[in-house]
Amino acid sequence: MQSFYEATVTRSSAYAPLAGRRGANVCIIGGGLAGLSTALGLAERGVADITVLEARQVGFGASGRNGGFVFGGYSLDCADLLRTLGAARARQLYALTTDAVALMRQRIANCRIDCDATDAGVILANWFDDPARLDVQRRLMLDAFGVEWEPVSTQQLAAQLKTRRYHGGLFERNAFHFHPLKYVLGVANAAAQAGVQIHEQSPVVRLQRDGAGFIVHTPNGALEARHVVMAGGGYARNVYAKVERAVLPIATYVMATEPLGARLNEAMDTRAAVYDTRFAFDYYRPLPDTRILWGGRISVRERAPEVIARLLRRDLLKVYPQLHDVRIEHAWGGLMSYARHKMPQIGRSADGVWYAVGFGGHGMAPTTVSGELLAAAIAGERPVPDAFAAFGLTPAYGALGLAAAQLTYTTMQTRDALAARRQRTRADL
Ligand SMILES: Cc1cc2nc3c(=O)[nH]c(=O)nc-3n(C[C@H](O)[C@H](O)[C@H](O)COP(=O)(O)OP(=O)(O)OC[C@H]3O[C@@H](n4cnc5c(N)ncnc54)[C@H](O)[C@@H]3O)c2cc1C
């Protein structure tokens, strides 16, 4: 079962592997959205001689496999961002992500990226019969971040989402969803048109310090680069330990149903994308060809597509039992990179290596932020904002960290299940 995204793109231009030895001003390791946004940001600032090295194919990682939600914020939730940074700096970092949403819209228009962008907002649906959860979130977004998330009553929501699972929601209007792989390929194409060299099938196997710069080795070539940017997400191994030790690769899963035709409206009568208020939430959206693309779960394990399809189908039917007989045509997983503090790590190490990693499950806008920040810093326009220094390359403790992450996930999942069960019991009394 191929990913729906891979099955629906034509990769017209393969980028040749790096061969031989040459020089570059900037070498970017990783052809995901973090790496490619940096490349495009540099090219737009007039910086020449940029090379992107991608181990497999452009968009092979999380950037070409994700749920396709594009909205403000980071993996760290806004309440924790505020607690950690205080009002002014939290607002500054949040605003970078809404600017990035605008920049992505602009790039889609200016670079004519045909990526099925659906500008219909995102609904946060309340899994719990507890209106306070939404009220607290709505007030926080308004008071601390100046963003209006509009309340949607239980009745209004039931008219759009044909399920009894939800108890109202919040509507984030300034959000859209898209085919992420088409977008990533579009950004790569725009960067290539602007002079960026992209090499696929070029895994970096060694990074060597060389005077004021670096030598970046791949199996069939080497680049002598003045600047190096590590943007390998959850997929980088044995290249630069300082960055790799600071993130955990965590898997999450997605599937796509068969096209539902008119039956789509029996479940979803909205073009908005949806996620819910649980820690381990479902996230899903209608596709232009009437499929539902459905994602969820977090695990330290990558699983086979058949297993993913079975698990996610169960989740889908909990919400939309009326879809019991639909076929699942695609299922796949992807690796996110998580820091312990759940914020992206964007900056430059003491050895001079630039990095942009740790975007977690909320990376479309934040990778675009990192591209702009690193491009501006490398071009000498302005340094990366101090506020990111609060979220440095803290050790993630490898296997131990993964075990702790799985335990946290299971605990939170159990807590949410118990809360939902308590509510059902109260309602039955
Ligand atoms: C299933 C799933 C659903 C998600 N849903 C959403 C969503 O709806 N909205 C949202 O905002 N975010 C979502 N995310 C998160 C988002 O996709 C990521 O945060 C973001 O794509 C990270 O981008 P990246 O460029 O850092 O990493 P990646 O996209 O993983 O790119 C890293 C690239 O580096 C390459 N690489 C690794 N090592 C080397 C090496 N040694 N040499 C050369 N290249 C190398 C890899 O092959 C890969 O292509 C989701 C993630 C997943 C996995």
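Okay, so to start: two residues are in contact here if their C-beta atoms, placed from the backbone, lie within 7 Å. This is a predicted model, where local features need pLDDT of at least 70, side-chain atom pairs count only at pLDDT 80 or more, and totals for chains, interfaces and linings use all residues. Residues are numbered from 1 along each chain as its sequence is written. Helices (H or I, at least four residues) and strands (E, at least two) are DSSP runs, numbered from the N terminus.

Cys78, Leu81, Leu82 and Leu85 on the α3 side meet Ala87, Arg89, Ala90, Leu93 and Tyr94 on the α4 side. By class, that's eight nonpolar residues, no polar and one charged. On classes: Ala, Val, Leu, Ile, Met, Phe, Trp, Tyr, Cys and Pro count as nonpolar, Asp, Glu, Lys and Arg as charged, and the others, Gly among them, as polar.

How do the two helices sit? α3 spans residues 78-85 and α4 residues 87-110, and they pack at about 135° with their axes 7 Å apart. Axes are lines fitted to C-alpha atoms, for helices over the stretch in contact, and angles run from 0 to 180 degrees between N-to-C directions.

From α4 you get Leu96, Thr97, Ala100, Val101, Leu103 and Met104, and from α11 Ala365, Pro366, Thr368 and Val369. Eight of those are nonpolar, two polar and none charged.

Now, α11 takes us to the ligand. Which elements supply at least two residues each to the shell around the ligand? They are α2 (33-44), β12 (248-257), β16 (328-338) and α11 (364-378). In total 42 residues surround the ligand, the closest being Gly32, Gly61, Gly67, Gly233 and Gly363; near means a C-beta atom, placed from the backbone, within 6 Å. The shell splits into 19 nonpolar, 20 polar and three charged residues.

β12 and β16 belong to an open sheet of eight strands, ordered β5-β6-β4-β13-β14-β15-β12-β16, with mixed pairing. Strands pair if DSSP finds at least two bridges between them. β5 (150-152) and β16 are the edges, each pairing on one side only, and the twist averages 25° from one strand to the next. β12 and β16 run antiparallel over 10 bridges, with Ala251 opposite Leu335 in β16. Helix α10 (residues 305-319) lies across β12, β15 (292-299) and β16, at about 95° to β16.

Strand β1 (residues 20-29) pairs in parallel with β11 (residues 221-230) over nine bridges, and Gly23 has Glu224 as its bridge partner in β11. β1 also runs parallel to β2 (residues 50-53), joined by four bridges, where Val26 is partnered by Ile50.
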